Amino acid sequence: MQHRIEDYALIGDEQTAALVGRDGSVDWLCLPRFDSGACFARLLGDDDNGHWRIAPRDADLCTRRAYRPGTLVLDTDWETDEGAVRVTDLMPQRDRAPDVVRIVEGLRGRVTVRSTLRIRFDYGSVVPWMRNVGGHRVAVAGPDAAWLRSEPPVHTWGEDFATHAEFTVTAGQRVAFVLTWHPSHEPRPPLVDPFETLETSVADWQAWAGRCRYDGPHREAVLRSLVTLKALTYRPTGGVVAAPTTSLPEELGGVRNWDYRFCWLRDSTLTLGALLAAGYREEAVAWRDWLLRAVAGAPADLQIMYGVAGERRLPEMEVPWLTGYENSAPVRIGNGAVRQLQLDVYGEVMDSMALARRAGLSTEPHAWALQCALMEWLRANWRQPDEGLWEVRGGRRHFVHSKVMVWVAADRAVRALEENPELSGDLEGWRAMRDEVHREVCAQGYDPERNTFTQYYGSRELDAALLLIPYVGFLPPEDPRVVGTVDAVRDELGHDGLLRRYSTQDCGVDGLPGAEGTFLACSFWLAQALHLTGRRDEARELFERLAGLTNDVGLLAEEYDPASGRHLGNFPQAFSHIGLVNAALALFGGDGAG
């Protein structure tokens with residue numbers, strides 16, 4: 001039986017991440033980077049696609065589990081007839097090579113524990129050659145090598161193309177396993193001390209968490225979201241991946257399965273704002289610098305997403321040997337939406353740079369010249385239709401949110417010149433562009449009959465992204481058109497009090513069959529919109545419900561299905577956690593935000 005998505009917890013080393021189930025099984029891990037091939041892919045297939053389970057013999061799900069406060073160190077406990085045992089999982093920040101450290105500790109009685117390691121490189125397709133070297137188990141296949149060792153040493157044996165171990169622990173006794181990956185043509189990396197790395201990891205994470213300036217309601221949920229965002233950051237470059245997984249479905253059994261192990265520009269301003277407001281200036285600078293490097297080049301070549309180091313080629317392909325999570329096929333790696341035109345990303349980049357200036361982040365000499373080039377391209381091309389924020393595959397349209405973000409780009413450029421006389425640029429030209437875009441959106445993207453903005457010009461459909469209109473300053477919150485839009489979006493896209501992105505009943509817009517769950521980031525936007533329009537009790541009530549949807553260790557997927565009570569989509573999802581942080585800052589900031 002496959003775990004529910006919300007049954008997983010996350011561990012990681014800020015270069016990749018693993019998902020650990022409630023049964024003690026690591027079912028997803030890509031090495032050495034977030035976007036590398038998975039060596040454990042049971043999440044999207046079956047046991048033979050790779051996993052590593054450590055649990056009491058004959059036990060099923062754990063009794064309880066929790067992160068150590070302010071960390072990404074996971075404790076999983078079992079109570080059995082023999083006694084009690086704990087498995088502590090972590091991935092210490094690496095020097096050269098990634099390590100997965102799993103420490104078994106006896107808590108009470110005498111418990112027999114079994115480890116089953118089934119490595120399958122290249123997304124669960126390659127069975128490695130296993131051998132014993134100096135008491136260590138070594139797996140090699142093509143470019144990949146992995147070493148398994150234990151401290152103190154325990155007996156291991158091979159069976160059914162897996163490595164097994166069985167041993168007994170008593171109260172206070174500890175046995176540690178370390179799995180280390182490296183390129184197969186290189187020598188084995190230096191060994192890490194698993195017990196020392198545990199202490200160091202806890203101390204480092206708690207020191208980082210201690211910098212959080214938010215001290216209002218739901219602080220633990222906010223802090224867990226910030227720790228998750230830190231875990232989804234590729235430390236060498238500062239890029240933040242949308243999620244560490246691919247192809248977890250937006251509809252069980254459906255085809256809406258996408259690879260989210262990349263960095264989206266749409267997240268840039270919201271991510272930057274959350275990090276700065278919560279007190280994480282160093283991470284905000286790293287994200288800003290990643291953004292500048294990624295978008296450098298010809299303005300016409302600006303992409304909606306990039307690889308963790310700014311890579312541009314992210315070709316999409318299907319993986320036929322994986323059956324998909326609960327038979328939700330196809331499983332995809334890469335993302336074909338990378339080649340879409342989305343005009344909103346120009347606004348996201350300009351807004352992020354404006355936020356960085358207002359926050360006093362150090363200025364890169366070339367940053368303004370790059371922004372001027374983006375503005376000139378946008379001035380010549382903003383009248384085109386595009387695929388929009390949600391990467392629809394049903395053809396280009398004049399999406400209202402995209403045009404609003406064009407206005408944002410022009411507005412931030414104008415403000416930059418007005419507030420910084422030393423900068424050069426076409427102030428009057430950009431001001432005229434800003435006014436023209438505003439007039440067009442209000443004339444063609446607004447339905448006066450229903451008093452609401454619409455998904456695209458001439459449409460009667462709605463879009464949750466319209467809730468961002470007051471957030472970005474396109475219209476003030478008290479404008480009747482804003483209030484009407486908030487009400488219409490809530491009424492027409494609401495499902496059991498939460499919010500869908502848009503209607504999927506007519507697949508002509510997104511070009512895909514089937515449906516999807518309620519979108520958690522959009523539901524947080526609704527809470528902020530209700531707050532901005534003066535309905536603060538309703539906003540707080542919605543936030544309370546959304547915060548209650550986190551799983552037992554505080555994580556959120558992309559979507560939630562109220563009917564089944566299950567999380568859907570890639571997990572954990574940065575966009576959802578960014579939404580939680582920003583909504584908490586907006587609703588409760590006066591109660592204790594820095």
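Let me begin with Glu283, which lies in helix α5, residues 281-295; helices here are DSSP runs of H or I with at least four residues, numbered from the N terminus. This is a predicted model, in which local features need pLDDT of at least 70 and side-chain atom pairs count only at pLDDT 80 or more, while totals for chains, interfaces and linings use all residues. Residues are numbered from 1 along each chain as its sequence is written, and side-chain values use heavy atoms, with hydrogens and water left out.

Is Glu283 buried or exposed? Glu283 counts as buried because its relative accessibility is 11%, and buried means under 20% relative accessible area, with a 1.4 Å probe and protein chains only. Leaving aside neighbours within four places in sequence, Glu283 is in contact (heavy atoms within 4.5 Å) with Trp208, Arg211, Lys230 and Leu275.

Turning to the helix pairs, α4 (residues 268-278) packs with α5 at an angle of about 160 degrees, their axes 8 Å apart; axes are lines fitted to C-alpha atoms, for helices over the stretch in contact, and angles run from 0 to 180 degrees between N-to-C directions. Therefore α4 is roughly antiparallel to α5, a label for angles over 145 degrees. Among the residues making this contact are Leu275 of α4 and Glu283 of α5.

In the other pair, Trp368, Met375 and Leu378 in α7 meet Val406, Ala409, Ala410, Ala413, Ala416 and Leu417 in α8.

Definitions and conventions. Helices (H or I, at least four residues) and strands (E, at least two) are DSSP runs, numbered from the N terminus. Buried means under 20% relative accessible area, exposed over 50%, partly exposed in between (1.4 Å probe, protein chains only). Angles under 35 degrees count as roughly parallel, over 145 as roughly antiparallel, 65 to 115 as roughly perpendicular and the rest as oblique.
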